[in-house]
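I opened this notebook to record what I looked up in the structure, entry by entry. The structure itself comes before the notes.

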Amino acid sequence: MASVTTPSTATGDPRSAQGNSANGGAVRAMRPGTLGALGLGTVLDIFSKGRLPVRADELVDQVFGPREARGAMVISGACGVVGAGKVMQFASRLLPYGVPVIALDLPGANDGVQQQFDGLVKSFGRDTANAIMNNVIRLNYDGTSLPKELERYRPKLLLEAIPEKLELKKAHYALFRNAFPGIHIWSVTSGFPSAQLGVDIAHPSFPHQINKVFEIVEARPTPHTQLLWALGLVPMKVGDHWSFVLDVFFCGLLQATLQFCRHTNTPYWKADKYIRKLIGPNPFRAHDVIGAKGANYLTWSCLHHLGEAYGPLFTPEEALTARMRSGQAWYPPDHFRPLVNWSLDAEQEQALEAIVEGALLQMTSIVLHEQRADLPTMNAIGELCAQFSNGILARARRMGPERIAHQVGAYHRLFPAAAGTTWYPDTFMNMAEGAWTQLYVNAEHNGKAGVITISRESYNDDVDAELNRAIDWLLGQGIHRVILTGDFHLATQLVGADTLAFHPALSDEREGERISLAWSRTARRLHHDFRASVGFIHGKRCMGGMLELMMHCHQLVAVEDTLLAMPEVTIPVLPGMEGCHWPFRKADAEGRKKLLRLVLEGRPVKAADASGWLVDHAGTLENAVRTAWQVMEQDAAALKPRPFAEGPVETPDAAEAGLAPVDGPLKEARAAIARCVAEACNAPVDLALTVQARHSAAFMTGSLCRKGRLGSDYDKMMKH
Amino acid sequence: MATTAASAFPDARIPYGTWGSSYFPAWQSSPLAEVNIGQFAGESMARIMSVRKVPVQHLDYLIIGSTVPWHWKFWNATLVAGCLGKRLPGFHMEQACATGLQAVVLAAAQVQGGSSDAVGVLTFDRTSDSPVGVFPERRAYRRTEVISDVWDNFGFDPSTGGSMLASAGNVARKHRIERREIDELTAYRYEQYFKGKESGFLERVAVPLDLLNVQGKPLGTIGEDTGVKRIHAGALRAMRELDSCVTSGTQTHAADGMATLLVTTAGKAKELSRRPEIAITLIAKAEVRADASCMPEAPGMAVQKLLARTGLSMADMAVVKDHNPFAVNDAVFSKTLGYDWRKMNNNGSPLVWGHPQGPTLTRVVIEALEEAVDLGGGYVLVFGCAAGDVGMAAIFKVQ
């Protein structure tokens with residue numbers, strides 16, 4: 001595939017900068033990285049320069065002023081669902097930098113801030129929770145004038161989370177600009193474009209206390225947005241259009257589901273179950289959980305504006321308009337829990353697919369046509385913010401242009417009004433090219449070494465195929481030294497295999513074997529196809545299948561406080577990507593005992609504590625980044641690889657591993673994994689591939705797995 | 001040349017195939033004994049309309065009918081509409097066992113009057129676990145009266161002091177009905193029901209419904225008229241007589257269930273019906289009140305009155321079907337109208353499939369209309385008795 005030259009600098013316009021790595025070579029990539037859109041360069045830069053593109057403390061100084069004259073962040077509408085969540089998120093993240101968060105709201109507003117305290121205690125412990133709350137200064141205002149006291153906190157950044165009324169918001173900005181000239185203003189608006197509001201947008205995703213994603217609308221990269229990234233949040237650059245990207249999908253899905261319900265009388269609670277099976281989210285439950293009154297209004301408002309801008313595809317359904325007015329929840333109250341069950345006949349299931357896929361893909365074509373975001377970002381927004389089990393672009397790619405056209409046509413036959421809105425079938429014509437092929441995996445190189453980045457937290461067939469293409473591309477470019485890593489942006493952790501991929505394997509052993517063999521063979525390419533490969537682990541955690549993938553690299557370098565785990569036993573499933581023998585081949589006898597504990601107990605271990613038996617080096621982020629790059633440049637001189645035993649290796653008896661005794665299903669699962677470890681380690685590495693795959697596949701069709709979390713999740717999703 | 005009669009509701013139609021009923025499980029024999037029947041009815045109507053491919057969004061009014069009090073009945077049609085999935089206006093009506101037919105007539109009037117384009121008729125009742133009413137009665141010597149709504153009302157007509165069962169015995173004696181005929185008639189009704197069931201006719205009327213408990217787990221399926229078993233004349237003859245000609249076998253049984261149909265404008269009927277070429281109209285209805293404690297003879301009197309008004313005769317009827325809580329009803333009707341009881345109630349009747357009151361006559365109407373369509377159309381006579389010695393009859397025309 002063709003490659004692109006990609007920017008590497010952390011400043012200036014990302015689209016025009018010529019990429020250069022630290023050693024002077026041009027950075028080439030399969031597609032532009034998502035960090036570039038934020039002015040943060042490339043992942044390759046991070047390794048070649050040995051540091052992150054920006055530092056939080058420096059950006060805090062830049063945004064809020066030096067420590068001795070530190071300004072504050074103001075969140076207005078702080079007691080609402082969005083405002084309160086963001087107060088907690090920013091107060092906790094800005095606490096170490098001495099930036100107070102002013103929670104501003106009307107005197108009569110419900111106290112949404114205080115309600116967050118229990119959650120804070122759960123997440124951080126009481127002492128830190130107290131400190132975070134101490135970092136929140138709560139002020140009231142009357143909506144037309146600001147409290148005098150605000151001045152002494154020197155507000156530098158306003159995150160506006162007041163109701164979705166254009167004139168109200170504009171007046172609010174004027175109020176702040178008059179009082180604090182130069183203040184940077186972000187709106188959390190769900191729908192109004194920046195051009196309408198006259199401020200930048202930082203549209204956050206639900207649940208607001210914990211979701212790290214913000215859709216960012218700004219003319220050029222700002223330190224404010226880069227600060228979000230430096231604080232561990234996930235800003236995503238999107239275009240300045242009505243409802244950006246997330247709410248086109250999120251609100252659009254509700255709209256399409258309502259049309260289906262209107263067409264078939266299907267109750268909302270049941271439609272949710274079918275939508276969950278088909279797409280991933282529960283659109284109605286989501287609205288109720290967010291708070292029907294506010295969520296219904298926001299969804300209606302987005303659709304209303306989209307309808308006015310684009311036509312009847314988006315015109316809010318009557319049922320939504322009614323609930324926008326009433327604030328009524330979608331699910332029946334407890335005293336009317338559903339009584340009559342529901343199933344769809346074949347014709348209705350087809351209609352469901354046509355309506356939901358047709359509507360979403362028509363909407364997607366508009367978003368694509370307007371180039372509202374780069375493709376990986378657009379795809380990730382559905383997964384990270386709207387609970388899509390596969391991003392809408394990944395879904396489109398699997399469907400292909402003919403099927404997409406068919407579904408949109410079927411949708412228009414059922415709802416002819418939707419045909420009154422333009423759709424752009426051409427936007428799906430080039431799905432075998434360019435960024436379309438690499439939604440989750442990118443590869444960059446400087447002519448000498450390459451970096452493969454994974455931007456999806458969990459591994460599935462899409463990631464597997466893209467990883468193979470990335471490896472092929474690097475090899476094709478003559479690159480034989482590679483770092484495999486998360487993308488420092490969309491994937492803030494690597495949690496393991498996407499268990500949705502296992503559902504067919506619950507009843508089909510051959511499918512389980514196929515997955516295990518295919519994914520393991522891809523992982524082995526990291527070992528066989530490169531002269532040097534480093535699995536670089538950072539972020540909050542790396543677990544399961546993702547850890548197994550990383551293990552296949554010649555060396556494993558990790559950030560010291562990242563958690564590593566093989567939690568398969570707790571699900572239970574068997575590690576299927578060679579976790580039962582591959583790391584054992586590189587560990588000494590003592591290390592193998594620790595590995596056995598890792599796979600049989602399922603408990604996480606800090607990377608710093610796994611050095612020497614699981615990881616080859618653990619250090620601070622900068623230290624780990626430099627070490628990984630040194631391996632690229634110096635091979636064994638930088639970090640001596642542990643020898644890899646191709647033949648059988650001895651495994652410790654489970655009794656010798658010092659495991660805490662357990663009973664019931666966990667005991668059985670442990671025994672199954674221990675058998676797999678023993679047999680796979682006892683085989684030469686070539687045969688071990690099939691040994692482990694067979695164990696893994698057989699276990700998934702067994703009753704233990706069926707009764708466990710995987711089986712129960714499958715039942716919840718697939719059974720009606 | 002066949003006689004024709006003009007419709008009193010010329011603008012109202014019953015769209016073919018937009019109807020359905022639950023099965024009617026005998027009381028206390030199914031999960032229906034445990035549910036709020038209003039909620040069940042609303043959710044079931046949505047389900048049935050879905051199976052019939054009718055979006056409930058077309059409805060603009062809802063008439064519900066039930067006779068046994070249910071929880072939150074105060075909120076009547078609005079509550080049930082909520083469970084149906086559309087916030088419709090409407091009202092609740094009841095007229096004992098005539099409820100199901102009277103609701104159809106009221107819906108036709110609603111359309112004919114121009115107030116609505118598409119009216120849902122939804123009738124239901126749960127006789128299981130009868131609610132118990134506590135009534136302060138200052139003039140009663142007990143000061144407070146407590147009645148079990150279903151059974152205490154069946155057993156005591158406050159106007160006459162007699163029971164419904166006694167009215168059947170009374171009429172059997174008055175018309176000199178013989179026990180032998182009643183047993184034979186009853187056995188024949190069972191044969192008709194099972195013939196309809198085996199032919200698949202019943203599956204076109206009744207829709208199986210799966211119920212959930214409060215945890216969302218399966219509670220059971222309402223998939224047949226439980227409690228209905230084949231019975232022969234010999235077994236019926238052996239039964240003890242409770243009153244003249246009335247045994248436990250020759251009267252109906254309490255049941256639970258719902259039934260629904262739509263009444264719409266002609267245009268809407270064409271839009272909603274899967275066979276828009278079929279036009280079904282309500283021609284007329286009549287009601288009478290018989291002498292005290294003579295309930296089973298009232299339906300025949302109502303039919304006589306209706307025929308006189310419309311100028312039609314029994315010979316004009318393609319389908320004749322009634323609510324017959326007692327076999328005596330059919331025998332007396334036959335005697336009064338000179339009409340062979342073997343020619344009526346094909347495919348089943350309430351004597352066999354039970355008596356949940358509110359929806360009983362709605363199911364009778366649905367079955368009668370289905371049968372008429374099978375026969376290629378014609379006049380359909382539906383009638384029945386109701387508490388208070390009332391008889392009600394209506395004629396439909398299927399074209």
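I began with A:Pro572, which I found in the loop between β19 and α19 (589–601) of chain A; helices (H or I, at least four residues) and strands (E, at least two) are DSSP runs, numbered from the N terminus. A cis peptide bond joins A:Ile571 to A:Pro572, with omega at about -10°.

I noted the conventions next: this is a predicted model, in which local features need pLDDT of at least 70 and side-chain atom pairs count only at pLDDT 80 or more, while totals for chains, interfaces and linings use all residues. Residues are numbered from 1 along each chain as its sequence is written, and chains are lettered from A and ligands numbered from 1 in the order in which they are written.

A:Pro207 sits in the loop between β8 (200–204) and β9 (213–217) of chain A.

I returned to strand β19 and its sheet. The sheet is open, has three strands in the order β17-β19-β20 (chain A), and its pairing is mixed; two strands pair if DSSP finds at least two bridges between them. Between β17(A) and β19 (residues 563–565) of chain A I found parallel pairing over three bridges. A:Cys542 has A:Leu564 in β19(A) as its bridge partner.

A:Asn265, at about 70°, lies in the loop between α9 and α10 (268–278) of chain A. Is A:Asn265 buried or exposed? It counts as buried because it has 25 C-beta neighbours inside 10 Å; the cut-offs are 20 or more other C-beta atoms within 10 Å for buried, 12 or fewer for exposed, and partly exposed in between, with C-beta atoms placed from the backbone. B:Asn76, at about 25°, is found in helix α2 (residues 76–84) of chain B. B:Asn76 is partly exposed, with 18 other C-beta atoms within 10 Å.

Finally, I looked up where the chains meet. In chain A, 14 residues are in contact with 21 residues of chain B, contact being C-beta atoms, placed from the backbone, within 7 Å. Helix α9 (residues 246–264) of chain A supplies the largest share of chain A's side, three residues.

How values were computed
Two residues are in contact if their C-beta atoms, placed from the backbone, lie within 7 Å.
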